Amino acid sequence: MIDNLYSREILRSTTQLQHVGHLATPQGVADKVAKLCGSTIHIELNMDGEVITEFAQQVQACALGQASAAILSQHVIGATAAEVTEARDALRHLLKGEPTDFPLRFEDLRILSSVKDFPARHASTLLAFDATVAAISSRL
């Protein structure tokens with residue numbers, strides 16, 4: 001089971017978390033918790049119109065939550081609110097085993113396809129994207 005879930009690509013991505021910390025004056029903030037495993041994430045961001053210009057996160061999560069947060073952190077600066085929401089929705093579809101298209105900048109999320117067979121891990125895998133969408137909404 002563990003070998004099927006935690007691929008080398010997923011484990012490698014957990015070491016690539018970027019934008020860790022806080023912003024001086026964030027426009028949007030959100031906290032999310034995956035109740036089943038206790039993973040948590042805190043997101044802060046700034047935007048210019050619909051484009052994310054600054055991003056910070058604090059992640060206390062399992063390897064899957066860290067992997068998803070790392071992929072997000074590598075591509076979020078310059079992303080639009082619509083792209084982040086579309087990526088979150090596409091990740092949900094992927095986890096349900098449904099065919100999906102990711103925004104090009106978030107195509108790396110496909111490495112999480114093995115998680116579809118482990119429904120208890122879906123919430124932690126979606127955590128970073130759910131929190132980022134909430135942070136975007138909180139500034140409106």
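**Reading the core and the ring pair**

Analyst: Phe-129 has a relative accessibility of 0%, so it counts as buried (under 20% relative accessible area; exposed is over 50%, partly exposed in between; 1.4 Å probe, protein chains only). The model is predicted: local features need pLDDT of at least 70, side-chain atom pairs count only at pLDDT 80 or more, and totals for chains, interfaces and linings use all residues. Residues are numbered from 1 along each chain as its sequence is written, and side-chain values use heavy atoms, without hydrogens and water.

User: How is an aromatic pair described, and how many does a search of the whole structure find?

Analyst: The distance of the ring centres and the angle of the planes describe such a pair. The search finds one. Phe-106 and Phe-129 have ring centres 5.5 Å apart and planes at 80°, so they are edge-to-face (Phe, Tyr and Trp rings, the six-membered one for Trp, pair with centres within 6.5 Å; planes under 30 degrees apart are stacked, over 60 edge-to-face, the rest tilted). Phe-106 sits in the loop between α4 and α5, and Phe-129 in helix α5, 23 residues apart. Phe-106 is also buried, at 0%.

User: Which residues touch the most other members of the largest nonpolar core?

Analyst: Nonpolar side chains tend to be buried together in soluble globular proteins. In this core of 37 residues, they are Val-84, Leu-91 and Leu-109 (a core is buried Ala, Val, Leu, Ile, Met, Phe, Trp, Tyr and Cys joined through side-chain atoms within 4.5 Å). Helix α5 gives the most, eight residues.

User: What does Leu-91 touch, not counting residues up to four places away in sequence?

Analyst: Leu-91 touches Ser-68, Phe-102, Leu-109, Leu-112, Thr-125, Leu-126 and Phe-129 (contact: heavy atoms within 4.5 Å).

Technical notes: Helices (H or I, at least four residues) and strands (E, at least two) are DSSP runs, numbered from the N terminus.
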